[in-house]
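Student: Hey, could you walk me through this one? I've only just opened it.
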Amino acid sequence: MSRGLSRRSFLAAAGGSALGVLGVWSLSSCAPSGPSYILATDPEVAQREATRHRSGATVRHRLTAEADFISLAEGRLLGTWGFREDAALAALGPTLRASRGDRLVVDVDNRLTEDTSVHWHGLRIRNDMDGSPPDTQDPILPGSGFTYDFTLPDHGTYWYHSHSGLQADRGLFGALVIEDPDDTSGADTDLVLVLDDWLDGIAATPEQVLAALGSTGGGHGSHGSHGIDVSGEITPTAQELVGQGMGHSDVLGGPTQHIAYPLHLINGRTREDPARLEVPSGSRVRLRVINAAAETPYRIALAGHRLTVIAADGFDTQPFETDAALIAPAQRLDLTVDLSSGVWPFVARVEGREGSTLAVIGTADAAGATPTGARATEIPELDRRLAVDADLRPAEHAALPEREPDQLWRLELIEGTGGYVWGIAGEDAARLQPRLGERIRMQLTNTTSMWHPMHLHGHTFASRTHAGLRRDTIAVLPGETATLDFDADNPGRWMIHCHNAYHFAAGMTAPIRYIR
């Protein structure tokens with residue numbers, strides 16, 4: 001491809017055939033020609049890995065991807081897919097823990113009837129371990145396995161999920177916590193809180209929902225595992241989920257999501273049967289909050305307390321005290337709170353439409369107590385001071401040093417007019433070709449009617465739109481241009497894409513190719 005996809009050509013193609021547009025954006029269609037590309041298996045990738053700090057410790061896990069029935073809501077058994085290790089399958093995969101500098105080795109066995117993969121979200125790891133088939137590895141075929149083996153370069157709160165089709169909108173994900181040997185947060189303990197929107201096994205499959213949205217499924221399929229099958233009949237339940245309006249949030253600048261999810265979960269449990277988490281009384285607790293939802297933004301708060309934001313997407317921030325915080329899909333927030341004695345609901349409310357869930361956090365001396373309003377999700381903190389990306393600043397040691405960019409990439413986030421089609425366009429979109437050592441500046445202009453959580457693989461960026469905040473996923477609002485700087489220090493084949501799973505599946509992604 002010698003030229004980027006212009007907005008005009010995208011819209012013209014979308015008006016006739018979404019599949020035609022998505023075919024343009026298949027990663028395989030950007031096959032190397034002309035420049036000398038660095039592939040995932042090239043020596044530069046191993047050379048970069050050899051320079052990383054190593055602790056000398058190795059942490060090993062074995063994950064099995066399989067289909068089974070789980071107990072999720074009101075005792076009902078629901079069929080879904082997920083990752084398990086020693087325990088039975090649940091709505092959330094096991095939490096993996098290690099420390100910065102450790103070698104992480106994870107054997108993945110695929111017992112599904114489809115190809116799968118594991119992407120280590122937010123980690124600046126070696127390219128051949130990124131878990132994004134077909135770019136960085138072959139898909140893990142049914143009945144086969146793959147071993148992920150890499151050094152953990154950064155501490156922080158991360159997660160892992162399938163990067164094949166819409167599998168992550170089932171239960172194919174889990175938390176990854178990387179401890180900081182030099183932690184200065186003052187926290188005595190930590191709790192992991194994974195938020196999720198859920199429909200699988202209740203109303204429809206993710207593929208049926210994509211079909212009901214009007215997509216041909218060609219987008220992510222051409223980047224993932226042999227396409228997404230949306231050829232079946234659009235079911236009435238799937239149609240109902242996408243027929244209830246798009247929600248609205250002034251904070252996010254307009255429409256918020258396409259799907260009215262029937263359930264919202266924290267740590268795989270509903271608000272009717274919430275997860276109960278216990279900490280020592282009188283302790284400072286770090287809450288590691290992960291939004292693993294496919295498309296839902298959440299407003300989060302702890303009843304009766306103010307929270308202090310200390311990290312975003314694994315990178316330390318200047319402490320910011322707030323009552324509530326907004327967290328987009330794929331983002332993580334680390335919060336600290338001092339807990340004396342008692343039991344309180346931690347609430348996640350859907351931003352922009354009806355829906356909420358909670359977990360119960362209590363101190364050991366109050367074990368068994370019922371918190372006031374434990375099942376009530378409308379706590380007053382949710383409507384007080386709300387922390388958003390624009391409020392956060394990087395900690396001094398986490399700031400990206402100032403430097404003039406070597407390349408400027410101007411990109412447009414766009415939507416089609418003839419179906420459920422989303423994309424990344426602009427004359428630079430087909431020339432995202434960094435060289436090792438360069439500083440890259442991306443300008444993402446959102447020309448669409450709704451916001452997008454944009455995620456960069458293999459790197460973190462400093463958002464110049466948000467005072468240099470370090471993240472790997474940023475919310476870009478309608479009409480906004482987000483300016484993001486990153487250092488090209490991790491060679492290979494990467495991508496930038498919207499982490500609304502259905503926008504990604506419908507084409508909002510662009511390849512990034514290191515060249516020599």
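Student: What does strand β3 pair with, and in which sense?
Tutor: In this predicted model, β3 pairs with strand β8 (residues 173-179) in the parallel sense, over four bridges. Within that pairing, Arg97 stands opposite Val177 in β8.

Student: And which way do the side chains of β3 point?
Tutor: They alternate along residues 96-99.

Student: OK, back to Arg97. Which residues are linked with it in a network of salt bridges?
Tutor: The network links Arg97 with Glu179, Asp183, Asp190, Arg286, Arg288 and Asp334.

Student: How many salt bridges does the count come to?
Tutor: The count is 42. One of them joins Arg124 to Asp154, with the closest N and O atoms 2.7 Å apart. Those two are 30 residues apart in the chain: Arg124 is in the loop between β5 (119-121) and β6 (145-151), and Asp154 is in the loop between β6 and β7 (156-161).

Student: Is Asp154 buried or exposed?
Tutor: Buried, because its relative accessible area is 11%, and the cut-off for buried is under 20%.

Student: What does Arg493 meet in a salt bridge?
Tutor: Asp135, at 3.2 Å from N to O. This pair links distant parts of the chain, 358 residues apart, with Arg493 in strand β29 (residues 493-498) and Asp135 in the loop between β5 and β6. Both Arg493 and Asp135 are buried.

Student: And Asp472, what's its partner?
Tutor: Arg332, at 2.8 Å from N to O. Here the separation is 140 residues: Asp472 is in the loop between β26 (469-471) and β27 (473-476), and Arg332 is in strand β17 (residues 332-339). Asp472 and Arg332 are both buried.

Student: Switching topic: which residues touch the most other members of the largest nonpolar core?
Tutor: That core has 61 residues, and the ones touching the most other members are Val209, Ile259, Ile424, Met442, Met454, Ile496 and Tyr502. Helix α4 (residues 206-213) gives the most to this core, with four residues.

Student: What is Tyr502 in contact with, leaving aside its neighbours within four places in sequence?
Tutor: Its contacts include Pro206, Val209, Leu210 and Leu213, and also Asp169, Ile259, Tyr261 and Tyr420.

Student: What lies apart from that core?
Tutor: Another core, of 33 residues, among them Tyr298, Leu339, Ile361 and Leu392.

Methods
Residues numbered from 1 in each chain as written. Predicted model: local features only at pLDDT ≥ 70, side-chain atom pairs only at ≥ 80, totals over all residues. Heavy atoms only, no water. Core = buried A, V, L, I, M, F, W, Y, C linked by side-chain atoms within 4.5 Å. Buried < 20%, exposed > 50% of the residue type's maximum accessible area, 1.4 Å probe, protein only. Contact = heavy atoms within 4.5 Å. Salt bridge = Lys/Arg side-chain N within 4 Å of Asp/Glu carboxyl O. Pairing = 2+ DSSP bridges.
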